[in-house]
Amino acid sequence: MILPVYLYGSPVLRKRAEEIPEGYPGLKGIIESMFETMYHSDGIGLAAPQIGLSIRIFIVDASPVESDDESLKDFKRVFINPEIISYEGDNVIYNEGCLSIPGIREDVSRESKITIRYQDEHFEQHEEQFEGYPARIIQHEFDHLEGKLFTDKISLLRRRLLKSKLNEITRGKVEVKYKIKNPR
Ligand code: NI
């Protein structure tokens, strides 16, 4: 089911999401709906708070953009109860966007390499290292589970310049091609 994406200003985007116990009711359907919603909105990552659920799961599928970068090949995963256990490499700046903050893209600095421990959709434990673009996507989505958004990571000056645009999103005054949930 295609679900509406919660926008900047929605309280659920600012909460720390809850751990998911094995056997969580309806999880299979939630995962299916998350993929459908992400594909419908042309995203390559989506975290549960963005569909209004404060639980620790995010999904990624970079196949629509995999021709952009070799590292994106086969980068399709479900991350449940993820923990980033190490950050390595250099700080890299990249222009990011977010389905919950339509129409805004900003340069964000993040680590180039991470190791993440997580459970997949069958609750099997994994530990994987990612570099480059996948590491970027994971850090962005992981932040959603912590109640953080990429606009928290930009300079005060940039944030001030974006203030009126962000206020408009908070009032639901945006035009997008996907389903959205107005913050108010
Ligand atoms: Ni996002």
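Me: Why is histidine 144 called buried?

Reply: Buried means under 20% relative accessible area, with exposed over 50% and partly exposed in between (1.4 Å probe, protein chains only). Histidine 144 has a relative accessible area of 1%, so it counts as buried. The model is predicted: local features need pLDDT of at least 70 and side-chain atom pairs pLDDT 80 or more, while totals for chains, interfaces and linings use all residues. Residues are numbered from 1 along each chain as its sequence is written, and side-chain values use heavy atoms, without hydrogens and water.

Me: What makes histidine 140 count as buried?

Reply: Histidine 140 is at 8% relative accessibility, so it counts as buried. Histidine 140 and histidine 144 are about one helical turn apart, because 4 residues separate their positions in helix 2. Helices (H or I, at least four residues) and strands (E, at least two) are DSSP runs, numbered from the N terminus.

Me: Which residues coordinate the nickel ion?

Reply: The nickel ion is coordinated by Cys98 (SG), His140 (NE2) and His144 (NE2), at 2.1 to 2.3 Å. Donors are N, O and S atoms within 2.8 Å of the metal (3.2 Å for Na, K and Ca), so these atoms qualify. Water is not among the atoms, so a site may look incomplete. The spacing of the donor residues in sequence is C-x41-H-x3-H.

Me: What makes strand 2 and strand 6 edge strands?

Reply: The open sheet has 5 strands in the order 2-3-4-5-6, with antiparallel pairing. Strand 2 and strand 6 (125-131) each have a single partner strand, so one side of each lacks a neighbour in the sheet. On average, neighbouring strands of this sheet are turned by 35° against each other, direction ignored.

Me: How do you know that strand 5 and strand 6 pair?

Reply: Two strands pair if DSSP finds at least two bridges between them. Strand 5 and strand 6 run antiparallel and are joined by 7 bridges, so they meet the criterion. Tyrosine 118 has histidine 126 as its bridge partner in strand 6, and isoleucine 114 has phenylalanine 130. The hairpin of these strands has 5 residues between them, and phenylalanine 123 takes a positive phi near 65° there.

Me: What is the span of helix 1, and how does it compare with the expected one?

Reply: The expected span is 1.5 Å times one less than the number of residues. Helix 1 (residues 27-40) has 14 residues and reaches 20 Å from its first C-alpha to its last, close to the 20 Å expected. Just after helix 1, aspartate 42 takes a positive phi of about 60°.

Me: Why does serine 54 count as buried?

Reply: Serine 54 lies in the loop between strand 2 and strand 3. At 17% relative accessibility, serine 54 is under the 20% limit, so it counts as buried. Contact means heavy atoms within 4.5 Å. Not counting residues up to four places away in sequence, serine 54 touches Val12, Lys15, Arg16, Ala17 and Glu18.

How values were computed:
Axes are lines fitted to C-alpha atoms, for helices over the stretch in contact, and angles run from 0 to 180 degrees between N-to-C directions.
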